[in-house]
Amino acid sequence: MTFPGTYFDGVSSERCAVSVSFGERGLILSEPDGGPFALWPFAAVERAEDEAEDGAIRLVCDAARLRVQGADFAAALRAAAPALAPRSPRGRALRSLVLIALGVTIGLAGWWQVPRLDAPIAALVPHAWEARLGAQTMALMGGTACTGEAGKAALDRLAARLSAGISLPQTIQVDVSDRKEINAFAAPGGHIVLFAGLINFAASPDEVAGVLAHEMSHSRKRHPTRLLIRQIGTVFLQQLLLGADTGNMAQTLLVLSYSRQFEEEADEGAIDLLRQAGIDTASFANFFDRLEKAGSRAGVPALLATHPAPQQRSAMVRAHPVVETAPAFNDADWAAVKAICQVAK
């Protein structure tokens, strides 16, 4: 038996009609006039908490979302996966009262504790929730994703080299935007964006590796999520508990700046990643030196506007001893990365 539903991929705002059926291990999503295109294992599916009064069932798997209307689907879901069954109106009302009481408690007691507890709180945030927030942040960032396959493959290999043997909360996904600013960005869920302006500004592959290692360190320490917790505190917790849409948080994240503490942690983390990957750290320092000169000549680049003074960062990087290194890219990969936005879309 199949049920009509609406599917959201969690990356774009596009929605599409799907047919939903039940398999032995999970939900099978198919195009209405085509074959299956996704299997959602029951163990990976969560109930979305933003249920309206229309009785629709809303489910989440990683960043993707599914909405299915009707009591028949609710009954089938209850039989196949009791843990995902809809709550009764009485149960939802009771849960709402509990969450309201908890939210009030957070508002009264947590307003000064939240900034001190951002790391342990971030560790409790579900990865699927962070993935949705990261995807929405990426969608709001602007610019167009560059599609050069050779360049993307080279960046993926560099990310794997930097993260080899390192424990990461989420898999790193590196993209390049065609925006011209000298900037880079780490969003929740392991999403990292390098701007084309930064790649064009870089004088060597190792400078790009330094910036990527810096953003990976933000992701490794879950700084994007911790930043939201610090800045909007109890609002973050209340929305997380109530299952509110993450769109407003994604918008907020785009205008926030990391604290000096987070930036220093990311710089130190970048040096660790570069050294364990055998990539030159001096080029990372050179990047800061050239960035400072560029700022004094042509106004402050985006990367300077939200980061500590480049000369301080350069000195900190150079204070670490030099180790034997190999280039971040070979000549072919470096050429592919620099041309990643020149591929026809």
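I take a disulfide to be a pair of cysteine sulfur atoms within 2.5 Å. The model I consulted is a predicted one.

**Entry 1: disulfides**

I searched the whole structure on this criterion and found one disulfide. The bond runs between Cys 146 and Cys 341, with an S to S distance of 1.8 Å. I then looked up where the two partners lie: Cys 146 belongs to the loop between α4 (127-140) and α5 (149-163), while Cys 341 sits in the segment after α14 (331-338). The pair is 195 residues apart and thus links distant parts of the chain. For the handedness I read the torsion about the S-S bond of Cys 146 and Cys 341; it is about 85 degrees, so the disulfide is right-handed.

**Entry 2: accessibility of cysteines**

I next checked the relative accessible area of the bonded residues. Cys 146 has 4% and is therefore buried, since the cut-off for buried is under 20%. Cys 341 has 23% and is partly exposed. I also looked up two further cysteines. Cys 61 counts as buried at 8% relative accessibility, whereas Cys 16 reaches 30% and counts as partly exposed.

**Entry 3: cavities**

I counted two cavities of 30 Å³ or more. I examined the second largest cavity, whose volume is about 40 Å³. Its lining includes Glu 130, Gln 170 and Arg 222, and the run Ala 187, Pro 188, Gly 189 and Gly 190 also contributes. Ser 219, Pro 224 and Thr 225 are likewise among the lining residues. Sorted by class, the lining of this second largest cavity holds three nonpolar, five polar and two charged residues.

Definitions and conventions. Residues numbered from 1 in each chain as written. Predicted model: local features only at pLDDT ≥ 70, side-chain atom pairs only at ≥ 80, totals over all residues. Heavy atoms only, no water. Helix = DSSP H or I, 4+ residues; strand = E, 2+ residues; numbered from the N terminus. Buried < 20%, exposed > 50% of the residue type's maximum accessible area, 1.4 Å probe, protein only. 1 Å grid on protein atoms, 1.4 Å probe; cavity = no way out; pocket = protein on both sides within 12 Å on 5 of 7 lines; lining within 4 Å. Points joined across faces, edges and corners; volume = space filled by probe spheres on them. Nonpolar A, V, L, I, M, F, W, Y, C, P; charged D, E, K, R; others polar.
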